[in-house]
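Dear colleague,

I am passing on the structure we spoke about, and I would be glad if you could look it over. My notes follow below it.

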2 protein chains.
Amino acid sequence: LSFEVRHSDLAARIGKIETMHGAFETPVFIPVIHPVKQIVDTKFLEKLGFKIVITNAYTTLKYYGTEACERGIHDIINYNGVVMTDSGGYQVLRYGSVEVNPQTMAAFQKDISSDIAVPLDKPTGYGLSYELAKEYVQQTLNNARETLDTINEAREEKIESQVDDNCVDTIAATKRAIPTKPIHLFGAGHPLTIPLIVALGCDMFDSASYVLYAKEDRYLHANGTSKLQDLSYFPCQCPTCLSYTVKELLDLDKEKRTAEVANHNLYMLQAEVSIVKQTIVDGRLWEYVMQKAHAHPKVMEALELLKNFEFLEYGTPLFKGKALFMFDPLDQYRPEAKRFRRMVSNFRSPKYKRKRLVLYPELDIHPFYSSTTLVNLTKKFPDAQICTYSPFLGIIPVEISDIFPAAHNLIPRKTLTNSQAKDYPTFIESLNRFLIENGFEEVMIVEDHFILEVIEKISTQKPNLKVLRLQE
Amino acid sequence: LSFEVRHSDLAARIGKIETMHGAFETPVFIPVIHPVKQIVDTKFLEKLGFKIVITNAYTTLKYYGTEACERGIHDIINYNGVVMTDSGGYQVLRYGSVEVNPQTMAAFQKDISSDIAVPLDKPTGYGLSYELAKEYVQQTLNNARETLDTINEAREEKIESQVDDNCVDTIAATKRAIPTKPIHLFGAGHPLTIPLIVALGCDMFDSASYVLYAKEDRYLHANGTSKLQDLSYFPCQCPTCLSYTVKELLDLDKEKRTAEVANHNLYMLQAEVSIVKQTIVDGRLWEYVMQKAHAHPKVMEALELLKNFEFLEYGTPLFKGKALFMFDPLDQYRPEAKRFRRMVSNFRSPKYKRKRLVLYPELDIHPFYSSTTLVNLTKKFPDAQICTYSPFLGIIPVEISDIFPAAHNLIPRKTLTNSQAKDYPTFIESLNRFLIENGFEEVMIVEDHFILEVIEKISTQKPNLKVLRLQE
């Protein structure tokens with residue numbers, strides 16, 4: 001089971017996983033297939049380009065028994081691609097326990113030729129006491145070990161959680177433990193959260209949402225779901241939506257309608273994953289996650305988690321072909337900005353420039369060193385360290401003002417004009433450090449509202465700093 | 001030529017226009033058809049659901065001459081739906097003048113059975129002196145009058161502009177002049193700007209972008225265009241994208257590839273218009289425009305224009321079925337918020353409550369009057385006017401705290417926590433007015449950061465106002 005990474009951005013990876021039944025690319029949405037009463041034809045899934053599906057080994061065992069071992073899971077669900085099998089952990093969560101033991105489930109998954117097997121876990125669910133949760137996790141680990149002994153190959157890490165603080169902590173812990181392995185998030189199939197979970201480093205995620213929603217006449221779209229009867233227009237050009245009007249679809253009998261809505265939902269999820277993948281290739285996943293978050297305040301709240309998620313930086317390319325777009329204070333925490341501030345914190349001004357620091361607001365001319373403003377400033381202050389600055393990136397010494405992304409970012413004018421010091425703690429810290437490390441005695445500023453606020457905050461900590469106003 | 005409006009939100013309208021060759025719905029994207037060398041088959045456009053196209057009467061006249069009058073424009077372009085004809089104004093802009101006069105063009109458009117004719121205009125272009133621009137506009141008006149005399153029916157207003165201050169002023173002027181007529185914006189066919197121009201009240205817009213982009217191998221997607229060779233994945237599930245891989249499409253010969261990319265671009269534009277229409281029905285056009293603006297800082301800058309655009313309110317329903325989502329200070333200018341503040345400005349506290357105003361921060365419980373907090377506050381301050389408040393909506397007197405949208409909005413926690421008085425001038429004005437109109441002598445506040453800043457600003461104007469701190 002090899003995992004080869006081709007592109008990355010934030011903690012997202014475009015990778016390729018090879019199995020006995022062919023290869024598939026990640027990030028991947030894996031539709032859940034019911035081994036007995038599947039509504040959407042698995043052949044249709046193949047046609048749609050789904051190269052991997054997941055089905056439930058426990059249900060298969062209960063329904064087919066040993067017949068399943070003779071036929072194999074691929075024959076049972078009539079699908080020739082990669083088949084991942086879940087183990088019954090969800091049933092444990094729902095019914096308390098199942099009547100099989102981990103070894104049996106492991107052996108069974110091997111016997112039915114599962115391409116990716118999952119150990120029978122004991123899910124903690126939510127709100128369990130620490131002691132009990134610990135006991136459950138220990139049991140899952142034991143099960144996993146036994147499963148590995150049985151099928152003799154490490155395969156997947158199992159995470160169960162919503163996208164909240166706990167989820168991010170869990171993903172972070174998992175990534176720390178197995179940085180080079182693909183990570184699977186169970187039960188995630190909502191177009192609103194897909195960009196975020198991929199950005200956090202989930203390579204695979206499965207869901208039956210496409211059909212569960214369809215059963216309730218819920219139609220997936222880029223920003224969530226709508227009841228079919230609330231639609232006047234299909235906001236989609238997939239083959240299913242092109243072949244019906246909303247009214248025609250509503251007039252179908254329940255079974256046919258469910259299947260057709262499920263088909264659309266699959267097209268939609270596939271489109272969302274393709275968008276995310278192209279966004280990774282383009283190096284614009286941060287922008288896309290931010291834009292997507294404007295679909296719902298709850299998703300926006302979840303983005304706070306990105307601030308300190310250590311893994312975002314590892315996958316983000318050092319240089320990008322396009323300018324970064326920055327709109328919101330949260331953007332100061334994007335990996336490219338963090339990296340730039342770190343670079344500046346290691347920058348040392350030449351000794352003869354260490355008396356005076358000149359801070360000049362960013363111009364539209366990039367890089368700053370190519371501007372005539374700089375020529376004039378240098379003439380006027382030949383022994384000063386000249387810097388420009390951006391609320392998002394911090395201090396930009398003119399000497400490195402061409403380094404990505406100092407000269408490669410675009411910010412709405414209003415955002416620049418209205419920036420307030422208190423929203424940019426990274427800026428204050430970055431300037432503070434720059435002053436200390438280089439031992440400046442004077443700072444010369446142009447009176448813009450943002451830098452005045454910053455200097456005010458800094459002056460309370462550095463009463464000796466002499467602040468001069470630069471006359472234009 | 002009837003225009004019947006069925007839904008509206010902001011200044012956007014879903015309407016139906018009846019013509020000699022059938023009806024079409026607005027807002028509508030109208031593909032430009034070349035009367036001589038059209039690349040995408042017009043029958044394909046019919047299949048895609050385009051019920052109206054636009055072609056150039058001037059080019060038709062030059063190429064076909066009187067043959068066009070015998071055959072009619074529908075036969076010439078092989079299309080049975082509604083055909084709008086442009087008049088040559090674009091050619092005037094490009095080449096300085098055309099060799100036909102307005103009457104000839106008007107008669108010709110009538111003779112070829114154009115469903116929607118456009119008078120030969122004298123476009124001002126951009127950067128013309130006021131005097132010259134005035135002269136051109138006068139000439140266009142004369143032409144329009146002559147055209148009307150010739151074809152004897154008022155049909156369209158012509159606007160030519162980009163989406164900037166000028167464009168919005170022009171749209172506003174046009175809407176003021178003809179509020180009940182459909183408005184056509186010439187030359188607008190970019191998925192990034194469609195939601196904004198529709199929100200501003202453009203009912204129809206045409207473009208040849210789908211094929212012009214295709215000729216340069218530019219592929220349209222929700223946030224703009226990409227060069228085909230930069231794509232690794234199609235972020236789309238339209239029939240064209242489903243039938244090729246990127247590589248296969250790149251390997252086609254130029255002519256076939258151009259046609260296929262143009263087909264995709266048309267699917268894409270059609271999808272964007274469908275999304276916008278469903279968004280109008282859902283009453284979420286403001287949210288969608290805001291989200292879309294996060295695709296590019298330049299679009300975000302253009303949104304400043306929405307602040308004072310008077311027509312947004314007329315089309316916005318008084319009540320909406322879903323909670324408003326608010327993220328950004330710009331949201332204080334949405335029509336629902338303006339309306340609510342206006343309602344509050346007409347609210348008068350009962351006389352016995354006019355000594356003291358209690359301002360209590362918004363709770364998660366909506367409406368505020370159903371909270372136990374209110375019960376306790378009322379017990380404690382039986383003779384006070386109790387209000388809650390939101391940076392976006394202003395003061396919310398408990399008596400009307402269930403009125404839309406006071407109890408029907410969702411704001412990310414971070415946005416509420418970090419709101420700063422200076423970003424919400426409408427709030428300061430609304431509180432100021434509330435204090436004056438009701439003659440409060442005391443205001444009692446809970447010390448949250450936002451209201452402290454507000455009160456500080458107000459106190460400088462009202463030194464007599466007694467500010468008390470409410471102990472929790």
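Which residue takes a positive phi just after helix 20 of chain A? In this model, which is predicted, that residue is Gly439(A), with a phi of about 60°.

Turning to the nonpolar cores, the largest has 89 residues, of which Phe205(B), Tyr210(B), Phe234(B), Leu303(B) and Phe309(B) touch the most other members. Helix 13 of chain B, residues 254–282, gives the most to this core, with nine residues. Leaving aside neighbours within four places in sequence, Phe205(B) is in contact with, among others, Pro27(B), Phe29(B), His184(B), Leu185(B), Ile197(B) and Val273(B). A second, separate core of 87 residues includes Ala11(A), Ala57(A), Met105(A) and Val211(A).

As for the cysteines, the structure holds zero disulfides over all chains. Cys238(B) is in no disulfide, and the nearest cysteine sulfur, that of Cys236(B), is 3.7 Å away, whereas a disulfide would need the two sulfur atoms within 2.5 Å. Cys238(B) counts as buried because its relative accessibility is 1%, while Cys69(A), at 28%, counts as partly exposed.

With best regards

Terms used
Residues numbered from 1 in each chain as written. Chains lettered and ligands numbered in written order. Predicted model: local features only at pLDDT ≥ 70, side-chain atom pairs only at ≥ 80, totals over all residues. Heavy atoms only, no water. Helix = DSSP H or I, 4+ residues; strand = E, 2+ residues; numbered from the N terminus. Buried < 20%, exposed > 50% of the residue type's maximum accessible area, 1.4 Å probe, protein only. Core = buried A, V, L, I, M, F, W, Y, C linked by side-chain atoms within 4.5 Å. Contact = heavy atoms within 4.5 Å.
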